[in-house]
Amino acid sequence: MIKTTALSKSFQQLEVLKEIDVQVNSGEVVAILGPSGSGKSTLLRCFNGLEELTGGSMQVCGVLVDAKQSKKERTKRIRQIRLNTGMVFQQFNLYPHKTVLQNVIEALLIVKKWPKERAVEKGESLLARVGLLEKKDVYPSRLSGGQQQRVAIARALAMEPDLMLFDEPTSSLDPELVDEVLAVIKELAKDGMTMAVVTHEMQFAREVADRIIFMADGVIVEEGKPEAFFTNPETDRAKKFLKKK
Amino acid sequence: MDVVIENLPFLLRGAYYTLLITIVSMFFGSIIAVFVAVARLKGNRPIRWMARAYVSIIRGTPTLVQIIIVYYGLVDYGIKLQPLTAAYIALSISIGAYLSETLRGALQSIPKGQMEAAYASGMTPVQTMRRIIFPQAIRVAIPPAGNTFIGMLKETSLVSVITVTELLRSSQLLIAQYYVYMPFYISIAIMYWIMSTGFSFLLERLEKRLSIYV
Ligand SMILES: Nc1ncnc2c1ncn2[C@@H]1O[C@H](COP(=O)(O)OP(=O)(O)O)[C@@H](O)[C@H]1O
Ligand SMILES: [Mg+2]
């Protein structure tokens, strides 16, 4: 589903991602761990083109993006990728001027040009899936953080993505609201959704992920099965990181 | 007071023109503002520069001077406009500059995550602007734009100098005829006040309606 080759990203002089080779297979759940500032978000955002790669290449959902392609070509391909991926942000980023249901179906109406009834039907079934159907006509500001994030997940699922990207989906939630969001993500994992999840929830990563990717300073330091990684990390960096948790 | 009552239709006609000029200028000024604000935020370098120059020049010169240039100045180039047309043009250009600044600030105040969420869902930049960013920015911009609007209502009195018979000039014409000042001036002051507070009231209602989601 994702395969990068020497993917690099710099912000001006600052080299944030250094020749990353990473792969996410179809149906796999990959948890990306690492200290803050290590480049996890940037890597995730490269996958759907919210950040432009400055070196190397990647193949996401069957679309090849290369830093050497013309800007126009890359824009076209990135758009193709975005039609097949969903993203969930730390800050939810729901549209405050739209109701819960409108948030979920916006892209169906505008991007996919679905007729209204069909989109509403789909939107309602997704809201039911995240347990928020009764909130469909309220504005996001009336919801708790956990509920907002569940709506954001429903919104991302509306486009029927092949790949879901999560960037610290529970990091801005009050502790008592974390579980309801993780439960939804676990459901998705069970249904076989391919996912890349940046998270600080170690217990969750251990339980749900098929593979752990541990990043530090813009490189992948260690990679492996959750059990092996958590019980017996190979690198000092990872040992230090896990001890702090 | 009798002279005022007697000439009330004439004054009301002046008030009508004051309103008309305000609304027309506000309408075209808003359109200008949208283009200029987007040009300043998304344009390439020469376009950004032109938009900036426009805003700077308009904000840095008196509205009266702008009106006079459009009406009298352009005559040098063979452009002889109707006074009312000149008023529309000058005031639209003027208000467009102020509104563009309001709108630019409002657009910049929308968190970046909104754009990212829309892009991530496959929306194009134009769709994102139209459906996600603009509707939110408009809500932010409405209170200050409303104040500009009310300011505009009062500024229209300036076009009396290019012989547009709006409210102020209506009173001046009557004064020239009857040689009494205060009744007419007080009357038009009251009319301006009624129109301004009327707008303030409508504006508050509008703000309330648009703020249901917060
Ligand atoms: N838009 C940006 N401009 C400049 N530097 C950035 C930008 N985004 C991220 N960075 C820098 O890139 C590094 C990695 O950031 P990030 O990917 O957010 O890390 P993480 O998600 O692992 O905490 C940090 O040093 C951060 O300051
Ligand atoms: Mg991050």
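Me: How many bridges join E1(A) to strand E2 of chain A, and do the two run parallel or antiparallel?

Reply: Strands of a sheet pair through backbone hydrogen bonds, in a parallel or an antiparallel sense. Here 4 bridges join E1(A) to E2 (residues 14-20) of chain A, and the two run antiparallel. Two strands count as paired if DSSP finds at least two bridges between them; helices (H or I, at least four residues) and strands (E, at least two) are DSSP runs numbered from the N terminus. This is a predicted model, where local features need pLDDT of at least 70, side-chain atom pairs count only at pLDDT 80 or more, and totals for chains, interfaces and linings use all residues, while side-chain values use heavy atoms, leaving out hydrogens and water. Residues are numbered from 1 along each chain as its sequence is written, with chains lettered from A and ligands numbered from 1 in the order in which they are written.

Me: Which residue is the bridge partner of A:Ser10 in E2(A), and how many residues lie between E1(A) and E2(A) in the hairpin?

Reply: A:Ser10 has A:Glu15 as its bridge partner in E2(A). The hairpin has 2 residues between its strands, and A:Gln12 in the turn shows a positive phi of about 50 degrees.

Me: What is the strand order in the open sheet of 6 strands?

Reply: In a regular strand, side chains alternate between the two faces of the sheet. In chain A the order is E7-E8-E9-E4-E10-E11, with mixed pairing. E7 (85-88) and E11 (219-224) of chain A are the edges: each has a single partner strand, so one side of each has no neighbour in the sheet. From one strand to the next, the twist averages 15 degrees. Inside the sheet, E8 (residues 163-167) and E9 (residues 194-198) of chain A run parallel and are joined by 5 bridges, one pair being A:Asp167 and A:Val198. Helix H5 (residues 145-158) of chain A packs on the sheet and touches E7 and E8 of chain A, its direction making about 170 degrees with that of E7(A). Contact means heavy atoms within 4.5 Å; axes are lines fitted to C-alpha atoms, for helices over the stretch in contact, and angles between N-to-C directions run from 0 to 180 degrees.

Me: Does A:Arg74 count as buried or exposed?

Reply: Buried means under 20% relative accessible area, exposed over 50%, and partly exposed in between (1.4 Å probe, protein chains only). A:Arg74, in helix H2 (residues 71-83) of chain A, is buried at 13% relative accessibility. Its contacts beyond four places in sequence include A:Glu52, A:Val65 and A:Asp66. A:Leu50, in the loop between helix H1 (40-47) and E5 of chain A, is buried too, at 15%. Beyond four places in sequence, A:Leu50 touches A:Arg45, A:Arg82, A:Met87, A:Phe89, B:Glu116 and B:Tyr119.

Me: How many residues line the largest pocket?

Reply: Rolling a probe the size of a water molecule over the atoms shows where empty space is left. On a 1 Å grid over the protein atoms alone, a cavity is a set of points where a 1.4 Å probe fits but cannot get out, while a pocket is an open set with protein on both sides within 12 Å along at least five of seven lines; lining residues have an atom within 4 Å of a point. Grid points are joined across faces, edges and corners, and a volume is the space filled by probe spheres set on the points. The largest pocket holds about 530 Å³ and is lined by 19 residues, with A:Gly49, A:Glu52, A:Thr75, A:Arg82 and B:Tyr119 nearest its centre. H2(A) gives the largest share, 6 residues. The lining divides into 7 nonpolar, 3 polar and 9 charged residues (nonpolar: Ala, Val, Leu, Ile, Met, Phe, Trp, Tyr, Cys and Pro; charged: Asp, Glu, Lys and Arg; polar: the others, Gly among them).

Me: How many cavities of 30 Å³ or more are found in the whole structure?

Reply: The search finds 3. The largest cavity has about 80 Å³ of space, and its lining includes A:Met87, A:Arg155 and B:Ala117. E7 and H5 of chain A and H6 of chain B each give two or more residues to that lining.
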